[in-house]
Amino acid sequence: MVVNSIFLVGFMGCGKSTVGQQLARRLAWRFIDLDEQIEKTEGRTIAEIFAQGGEAPFRRLENEALRKIVEESARPGGRVIALGGGTFVQPANQELLQRARAITVWLECPVEELLLRCALMTNRPLFRDESNFRALYELRAPYYRQATFTVPAGNSTPDEVVDRILSLKPFQGLVCCT
Ligand code: S3P
């Protein structure tokens, strides 16, 4: 099987974008951030989309953007895709990824560390307070567990997480830059 796409999943703050960029650089692949794609297409920030219409319209845009990326992954060239924290939790998105036989990697990080990482960030509409954050994490963890692979991402540098991903069986033969 020729692997040309890696989808990173996980809760907000787990490092999907940072790890994704470094992983793409190591593989000399393109990096795609799903949230950024949505913002580019819409000409609005994620925070604005939530503020103007709430979560439901955001999820529709997210599904459309993911659909396009999955379609494009049939084309030549490699890409690493960072999904949003809630993308993999939406049944339609999981189905889309499963149908495409996409390889998904969950960046698993303890909720305590996620809280610390996200506490200073103001751009996450679904981070209301600590108890809501913990409850959302508990609700989502069973979905993330369904990813093809799980890689520990807590208490590690992005480089260490990238090394762990590249040591997974399907990626072992890929040519990497150092
Ligand atoms: C969301 C996480 C965000 C973004 C949106 C919704 C979520 O992405 O997609 O605010 O549902 O957890 P990050 O995981 O990159 O913060």
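**Notes on a predicted model**

1. Asn155 counts as exposed because its relative accessible area is 73%. Here, exposed means over 50% relative accessible area, buried means under 20%, and partly exposed is in between, all with a 1.4 Å probe and the protein chains only. Asn155 sits in the loop between strand S5 (149–152) and helix H8 (158–166). Helices (H or I, at least four residues) and strands (E, at least two) are DSSP runs, numbered from the N terminus. The phi of Asn155 is positive, about 50°, although Asn155 is not a glycine.

2. A word on what you are looking at. This is a predicted model, in which local features need pLDDT of at least 70 and side-chain atom pairs count only at pLDDT 80 or more, while totals for chains, interfaces and linings use all residues. Residues are numbered from 1 along each chain as its sequence is written, and side-chain values use heavy atoms, with hydrogens and water left out.

3. Arg101 also has a positive phi without being a glycine, near 55°. As background, most residues other than glycine have a negative phi. You'll find Arg101 in the loop between H5 and strand S4 (104–108), and it is exposed because its relative accessible area is 71%.

4. Now the ligand. Which residues come nearest to the ligand? Out of 14 residues around it, they are Lys16, Asp35, Arg59, Arg124 and Arg140; a residue is near a molecule if one of its heavy atoms lies within 4 Å of it. By class, this shell has 6 nonpolar, 3 polar and 5 charged residues. For that tally, Ala, Val, Leu, Ile, Met, Phe, Trp, Tyr, Cys and Pro are nonpolar, Asp, Glu, Lys and Arg are charged, and the others, Gly among them, are polar. Helix H3 (46–53) and helix H4 (55–72) each give at least two residues to the shell.

5. Some distances to oxygen atoms of the ligand are worth checking on screen. A polar side-chain atom of Asp35 lies 2.8 Å from one such oxygen atom. For Gly85, a backbone N or O atom lies 2.9 Å from an oxygen atom of the ligand. For Arg140, a polar side-chain atom is 2.7 Å from an oxygen atom of the ligand. The ligand has 390 Å² of accessible area on its own, and the protein covers 93% of it; accessible areas come from the Shrake-Rupley method with a 1.4 Å probe.

6. Asp35 brings us to helix H2 (residues 34–42). Asp33 caps the N-terminal end of H2, with a side-chain oxygen 3.0 Å from the backbone nitrogen of Asp35. After H2 comes Gly43, which has a positive phi near 65°.

7. Is Asn93 buried or exposed? Asn93 counts as buried because its relative accessibility is 1%. Asn93 belongs to helix H5 (residues 91–99), and its side chain makes a polar contact of 2.7 Å with the side chain of Asn63. A polar contact is a pair of N or O atoms within 3.5 Å; within protein, one must be able to donate a hydrogen and the other to accept it, and residues adjacent in sequence count only if both atoms are side-chain atoms.

8. Glu64, in helix H4, is partly exposed at 45% relative accessibility. From Glu64 to Asn93 there are 29 residues in sequence and 9.5 Å in space, C-alpha to C-alpha.

9. Met121 lies in the loop between helix H6 (111–119) and helix H7 (130–144). With 34% relative accessibility, Met121 is partly exposed. Met121 and Ala56 are 65 residues apart along the chain, and their C-alpha atoms are separated by 23 Å.

10. Lastly, the start of the chain. Val2 is in the segment before strand S1 (5–9), and Val2 is exposed at 78% relative accessibility. Val2 and Arg30 are 28 residues apart in sequence, with 16 Å between them, C-alpha to C-alpha.
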